[in-house]
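Biologist: I have a model open and want to learn how to read it. Please take me through it feature by feature.

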Amino acid sequence: VGMLFKFKSKATGDLIMLEQHGSHLLRIIGKEPAPKGIVLCADMPQALARLQDAIDEQEELAREREARGESGDNADLVTLRQRAVPFMDMLRRCIHNECDVVWGV
């Protein structure tokens with residue numbers, strides 16, 4: 001089992017993700033996956049927009065594959081939307097409460 005990301009904030013409970021999924025979300029929002037880090041409240045609106053763009057892009061590709069009659073592979077059983085929504089909810093609550101998200105500390 002690889003590393004786990006435990007995202008923490010003053011506005012929410014902890015959010016725990018497997019390393020591969022946490023790393024993917026961090027890369028989408030422009031953060032380098034590292035053992036420790038922070039998403040500043042000021043950066044969260046842009047992070048949310050990047051996550052939504054990535055979700056929209058993945059869902060458009062899935063619709064195009066389906067339209068061509070191609071079936072997705074098992075890697076698509078859990079979509080980016082399903083993985084990202086808890087993190088996005090955390091970011092929204094942090095924006096509302098004006099606090100940062102940290103991990104590895």
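**Helix, sheet, rings and cysteines**

Modeller: The buried residues of α1 pack against β1, β2, α2 (44–67), α3 (80–97) and β4. This is a predicted model, where local features need pLDDT of at least 70, side-chain atom pairs count only at pLDDT 80 or more, and totals for chains, interfaces and linings use all residues. Residues are numbered from 1 along each chain as its sequence is written, and side-chain values use heavy atoms, with hydrogens and water left out.

Biologist: Which residues of α1 are buried?

Modeller: Start with the cut-offs. Buried is under 20% relative accessible area, exposed is over 50%, and partly exposed is in between (1.4 Å probe, protein chains only). In α1, the buried residues are H21, G22, S23, L25, L26 and I28.

Biologist: Where does helix α1 lie?

Modeller: First, the element names. Helices (H or I, at least four residues) and strands (E, at least two) are DSSP runs, numbered from the N terminus. Contact means heavy atoms within 4.5 Å. Axes are lines fitted to C-alpha atoms, for helices over the stretch in contact, and angles run from 0 to 180 degrees between N-to-C directions. Here, α1 (residues 19–28) lies across β1, β2 and β4 (101–103). Its direction is about 105° to β2. After α1 comes G30, with a positive phi near 90°.

Biologist: In what order do the strands form the sheet?

Modeller: Pairing comes first: two strands pair if DSSP finds at least two bridges between them. In this model four strands form an open sheet, in the order β2-β1-β4-β3, with antiparallel pairing. The edges are β2 (15–18) and β3 (37–39); each has a single partner strand, so one side of each is left without a neighbour in the sheet. From one strand to the next, the twist averages 25°.

Biologist: How many bridges join β1 and β2?

Modeller: Strand β1 (residues 4–9) pairs with β2 over four bridges, in the antiparallel sense. The two form a hairpin, with five residues between them. K6 stands opposite I16 in β2. F5 has M17 in β2 as its bridge partner.

Biologist: Which residues make up the covered face of β2, and which the uncovered one?

Modeller: L15 and M17 are on the covered face. I16 and L18 are on the uncovered one.

Biologist: Now the rings. How many aromatic pairs are there?

Modeller: A pair of aromatic rings is described by the distance of the centres and the angle of the planes. Rings of Phe, Tyr and Trp (its six-membered ring) pair if their centres lie within 6.5 Å; planes under 30 degrees apart count as stacked, over 60 as edge-to-face and the rest as tilted. The count here is four. Take F5 and W103: centres 6.3 Å apart, planes at 70°, so the pair is edge-to-face. F5 is in strand β1 and W103 in strand β4, 98 residues apart. F5 is buried at 2% relative accessible area, and W103 is buried at 2%. The rings of F7 and W103 are also edge-to-face, because their centres are 5.7 Å apart and their planes at 65°. F5, F7, F87 and W103 form one aromatic cluster.

Biologist: Last, the cysteines. How many disulfides does the structure hold?

Modeller: A disulfide is a covalent bond between the sulfur atoms of two cysteines. The cut-off is a pair of cysteine sulfur atoms within 2.5 Å. This structure holds zero. For C41, the nearest cysteine sulfur is that of C99, 6.7 Å away. For C99, the nearest is that of C94, 3.8 Å away.
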